[in-house]
Amino acid sequence: MPGLTLPPFPEDLPTHPLIIVDYGLVKSGDSQEIDKLWKASTELGFWYLKNHGAELEVEGMFDMGEETLALPQEEKMNIKQLGSGATNEYGNPDNVEFINVSKEDALAYPEVFHRTYPSAVNARMESTIIPFVQKSVDIIDTVLSVYEMKLGMPAGTLLKLHPHMEGSGSEARCIKSPPKKAGSVGSITKEDVFLGAHTDFGSLSFLHNRLGGLQVFPPGSAEWQYVLPIPGHAICNIGDSLSVFSGGILRSNLHRTVPPPGAQASQTRWSMGYFSRPANRVSLRALDESEAVKDALSCMSSEQRAMYFPNVTQGDWYARRMDNLQLKNRKLLEQQFQVHAPQSDPVQPSPESSLPPSSLDSSIIDPSLEEPPSLVEQVEALKNRVAQLEELTSFADDEGDGGRRMRRNTKKDILIGGEYNSLTDGQKNARKELTMRIRSVMKALTSTEQEPDEGEEAPETCLPEGERGFMPDYHEPPRFHENSELINRTAELVLTEYTIDDATGRFLCGEIPFSKTDLRELATTAFRNRKRRYLTQQNIAMKKKDLRAKWRNRRHLRQRQTKKQREKQIEAYEKKFNTKLPREIFQSDCMTELVSELDSTDIPDPPSDIEVDEDEDDELKKREKTVKDARAARFTQIAEMTALTPRERDEKVKVWEERKPEFRSAELSEAYKRLDQLTNKEREEAGENSRLWSRRVFMGNTTSKIPKCKKKVWPFMVDLQWLANDEDHKKAHWTKLQRADPDDYNLGDEQESASEQ
Ligand SMILES: O=C(O)CCC(=O)C(=O)O
Ligand SMILES: [Fe+2]
């Protein structure tokens, strides 16, 4: 790992000083430190955070990044959270690699919230990633609380917009940037820029740098300035969302990464961070309920103010910014980098100087670039970019693959596959028909996989002759190769069912024209719906499993407590009667925690690889049989572990420790029941209409009293009152019953114990 023998940051190179904030002090409410944080957040929007407590996890995260990005190239190609897909501000692709781990996935682990990760990531999940994400979330929550207070917002206003377990783009990211080629060390060329000039999209970023290379464009400055990496100091910065929420008071500042300076340039640059974003559903707008925010907005022109009410959700904003990163950076080439003006007054945060509005409406531009690229260069760069875009985005989706990705221009050629509400009734009907066909064909093409429940049933379609079945991967986005092939093929097959209008080149569904793109859009939506159903089902299964585990734990706990109480009672009883009770009855293995595994809800589901039969009934029977076999096998296994008596085992008796009177086995309870029945029958015959039922003492119950009796009785069996009642009669029957009782309870001499009772 880098870090041990890294060349130093050049001493003579100017850097932009950042305010150092001590997290420990902020957390403890130190007002001076909180003021420092506020100053840094409103002036530059960047600061160092020391004493943050995540130092160890940060080291582990760097290791995780290195292990993951060292995977073979073929493997990495299949991982959507790796790699870059954006251009920098010069139209060149970012030349960094990264691995993103979503906050929700980390906090839900091992449940899958959005997506799965390569084993190199999973291996570090519990030891490193989860604690890193948790600590980062804590830090960010603390900082958000400070902002709430400073902005005069009710406590929780900002925190509510950043729930911990709801879909958001929040993620931990490890970035690897290649070393500069030998000979090129020195000046920065436009091809060198690692991550193009940008503001962060979310709320707060918590960065960790070992080598130089991060540069900020401070307000009032005319050039990029390095930020010096200081060991143990995180670099925090504010993103667009917080800037919008605060009406521009909190500053989202332009930054970029370039090769490390001086001797560091020959090193691979690793950087790592946690990027916090509000929940996707959160609507992005200035929170003008706060007086401070209202005041800030009131100094703006209506046009400027409108920029703080972009009327989008955080999720859409994220997607839009992604587009901007691609397209605006390209547009930049055309615009010849006209904007050189430094941003205005850093102390008085003004809307012009705040990036959210500017990044909403203007390109992200590197103001330091004096030499615009030649026209030939521009055209070449554009051509390359367009080719890349076409290749990469034929079925781009809106699922997060984190850092940099592309979306295709969905506006083009869309007639009925776009916004539903703006369609005419005829178009809506055509769309419904096409959707049904798509569902049906997609179902047929995936008929070899287990069907996610369709909800609204699509008519049956068979897999066409010679057509291959698809195995979509619902943990991947629609553009993942098998998924995208399924979508394409579905659209193609449905298309063959409709005629083309030669005059317009449109396909016709009845009278309604539609395009190929429409079909692809609808097929992508159908895929997403299948994906959602699949993931929901998985989620439900997980929850059920968790619930079962919870109940099992409770049962075990209860059993342990009961066992302890019982032991106490037995001891007290033995002491009082100066006798020894047959402990094997009380302490049978059958009363240990293992018994609870006999609970049928714990029986694992049968293996899923049962052959699928054409005939559904047969299939059902097969499944049932497998369930039964699995249960029987489990029972035998547990019976062996718990040393049930042969009879219990043969009859598959469930041996429960009950809170109610019966103490041990069903047979024993049965004996008492029979005794009662006999008694009651005789009472009935004798004209008595009341019934008597045996009451048994529950030893685990601390309130059960030791019987006031000199005789040796089995305290766990019979309530003395019950015994006293009609004693002679019971004695007679008990003897009979005991003789017939094959319990192996080792009750000793039957006659003796019977007569004693
Ligand atoms: O690598 C760095 O130091 C900064 C990364 C960054 O700005 C980003 O990923 O948004
Ligand atoms: Fe950034």
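**Figure 1. Phe309 in the loop between helix H10 and strand S13.** Phe309 is found in the loop that runs between helix H10 (302-306) and strand S13 (312-313), here shown in a predicted model. At a relative accessibility of 30%, Phe309 counts as partly exposed, because that value falls between the 20% limit for buried and the 50% limit for exposed residues. Once its neighbours within four places in sequence are left aside, Phe309 is in contact with Arg285, Ala286, Asp288 and Leu297. Leu287 lies 22 residues from Phe309 in sequence, and the C-alpha atoms of Phe309 and Leu287 are 9.4 Å apart in space.

**Figure 2. Ligand 1 and the residues around it.** Ligand 1 sits in the largest cavity, and the elements that give two or more residues to the shell around ligand 1 are strand S4 (171-177), strand S5 (195-198), strand S6 (204-209), strand S10 (255-257) and S11. Among these strands, S11 gives the most to the shell, with three residues. The residues around ligand 1 number 14, and of these Arg173, His198, His255, Arg269 and Ser271 come nearest. A polar side-chain atom of Arg173 lies 2.9 Å from an oxygen atom of ligand 1, while an N or O atom in the side chain of His198 is 3.0 Å from an oxygen atom of ligand 1. For Arg269, a polar side-chain atom lies 2.9 Å from an oxygen atom of ligand 1. On its own, ligand 1 has 290 Å² of accessible area, and the protein covers 98% of this area.

Figure 3. Arg269 has its place in strand S11, which spans residues 269-276. With a relative accessible area of 1%, Arg269 is buried, because buried residues are those under 20%. The side chains of Arg269 and Asn209 are joined by a polar contact of 3.4 Å. Not counting residues up to four places away in sequence, Arg269 touches a set of residues that includes Ile175, Lys176, Ser177, Phe194, Asn209 and Leu211. Also among the residues that Arg269 touches are Gly212, Gly213, Leu214, Thr257, Val258 and Pro260.

Figure 4. Most residues other than glycine have a negative phi, and most peptide bonds are trans. The peptide bond from Tyr109 to Pro110, however, is cis, with omega near 10°, and Pro110 has its place in the loop between helix H5 (103-108) and helix H6 (119-150). Asn51, although it is not a glycine, has a positive phi of about 60°. The place of Asn51 is in the loop between strand S2 (46-50) and helix H3 (55-69), where Asn51 counts as partly exposed at 44% relative accessibility.

**Figure 5. The protein as a whole, as a setting for the close-up views.** The secondary structure of the protein comes to 23 helices and 16 strands, and of its 757 residues 51% count as buried. Among contacts in the protein with a separation of 6 or more, 75% are accounted for by residues 24 or more positions apart. The accessible surface of the protein comes to about 36,600 Å², and carbon and sulfur atoms account for 51% of this surface.

Note on methods:
Residues are numbered from 1 along each chain as its sequence is written. Chains are lettered from A and ligands numbered from 1 in the order in which they are written. This is a predicted model: local features need pLDDT of at least 70, side-chain atom pairs count only at pLDDT 80 or more; totals for chains, interfaces and linings use all residues. Side-chain values use heavy atoms; hydrogens and water are left out. Helices (H or I, at least four residues) and strands (E, at least two) are DSSP runs, numbered from the N terminus. Buried means under 20% relative accessible area, exposed over 50%, partly exposed in between (1.4 Å probe, protein chains only). A polar contact is a pair of N or O atoms within 3.5 Å; within protein, one must be able to donate a hydrogen and the other to accept it, and residues adjacent in sequence count only if both atoms are side-chain atoms. Contact means heavy atoms within 4.5 Å. A residue is near a molecule or strand if one of its heavy atoms lies within 4 Å of it. Accessible areas come from the Shrake-Rupley method with a 1.4 Å probe; for residues, only the protein chains shown count as cover. On a 1 Å grid over the protein atoms alone, a cavity is a set of points where a 1.4 Å probe fits but cannot get out, and a pocket is an open set with protein on both sides within 12 Å along at least five of seven lines; lining residues have an atom within 4 Å of a point. A molecule sits in a cavity or pocket if more than half of its atoms lie within 2 Å of its grid points.
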